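Welcome! Have the sequence and the 3D view open, and try each exercise before you read its solution.

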Amino acid sequence: MQDFRVKTFLTVCRTLNYTRAAEELHITQPAVPQHIAFLEKEYGAPLFTYRRKRLELTKAGLVLRDALTTMAHDESMLRERIGALASGAAVELRIGLTLTAGEYVASAPLAEYLAAHPEIHATIRSGGTRQLLGMLDAGEIDCAFVEGLFDKSAYAWDTLSSERLLCVCAASHRFAERPQTAEDLLGERLIVREPGSGTRAVLSHALASRNLSIEGFADTLVAESIGVIKVLVAHDLGISFLYEAAVRRELQDGALKEVPLAGPPIQHDIAFIRLRGSVFEPELQALLNALG
């Protein structure tokens, strides 16, 4: 069973605020530093420090957070497994999917896997990469398929597939001059995902490697849906950068066309992530192997 002081510690890790942690846990504010002090004495190292009046985890605190997060998640899954065995209910599996990974890469093989395993009762959550990482850390999901950037040292992860990010425009779009490089596109309106989106983060990273930025385009139009972005581009309201898997049909149908650019392609992995050191790693690895 999870110690109540561990619960306090993990809540402070997430909120980085003693008062907010006390409110969430419905305990008195003085009890929070007492719980943290107990764990610091138990492990023989400071777990938090203040820097510029802001609470931060120490290196020891980071190590303990990662280990206890996995242990808390495993305990929750273990309770569900034992409950399922006792009642004969289906096994719960909570999966997170970002938009690109969910709609265009992982959903079809995942559907086949679930059809072949009726003993699994799946709950599928959608969100941006950062949002899903927060759910994973909080134990709200068991694993996630994401296309965004994340700290690879903080999670167990594998590559599901590697996808190209293409520049696309309407089939009828006419450039003043045929673009050769990303720099030649800066006079265009860029239709892009919202901040926090994995696709936007990958694009920002790729542009930065070329000393460019999203803000450097003549105009931007933000849309939170890949489907909406494709419609906007098809109606010649701007150009966009989207994963090839997301626009394959539109390219084949002629609704969109690729804008070929010189230089190395923008390539990024769709990653399957979960908490490190979980006792359920073999089960999650089997899921990945079945989808691969």
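Predicted model: local features only at pLDDT ≥ 70, side-chain atom pairs only at ≥ 80, totals over all residues.

**Exercise 1.** Describe how helix α1 and helix α2 pack against each other.

Step one: two packed helices are described by the angle between their axes and the distance between the axes.
Step two: find α1 at residues 4–15 and α2 at residues 18–25; their axes come within 9 Å and cross at roughly 125°.
Step three: name the arrangement. Angles of 65 to 115 degrees count as roughly perpendicular and those over 145 as roughly antiparallel, so α1 is oblique to α2.
Step five: look at who touches whom. K7, T8, T11, V12, R14 and T15 of α1 meet Y18, R20, A21, E24 and L25 of α2. By class, this contact has four nonpolar, three polar and four charged residues.

**Exercise 2.** Find the largest pocket and work out which element gives the most to its lining.

Start with the volume, about 800 Å³. Next, go to the centre: among the 28 lining residues, L10, T69, D137, A138 and G139 lie nearest to it. Then look at the elements that give two or more residues, namely α1, α2, α4 (59–87) and α6 (129–137). The most comes from α4, with nine residues. Finally, sort the lining by class: eight nonpolar, nine polar and eleven charged.

**Exercise 3.** What classes of residue line the second largest pocket?

First, locate this pocket of about 280 Å³. Of its 18 lining residues, L261, A262, P264, P265 and I266 are closest to the centre. Strand β6 (residues 156–170) supplies the largest share, four residues. Sorting the lining gives twelve nonpolar, two polar and four charged residues.

Note on methods. Residues numbered from 1 in each chain as written. Heavy atoms only, no water. Axes fitted to C-alpha atoms, helices over the stretch in contact; angles between N-to-C directions. Parallel < 35°, antiparallel > 145°, perpendicular 65-115°, else oblique. Contact = heavy atoms within 4.5 Å. Nonpolar A, V, L, I, M, F, W, Y, C, P; charged D, E, K, R; others polar. 1 Å grid on protein atoms, 1.4 Å probe; cavity = no way out; pocket = protein on both sides within 12 Å on 5 of 7 lines; lining within 4 Å. Points joined across faces, edges and corners; volume = space filled by probe spheres on them.
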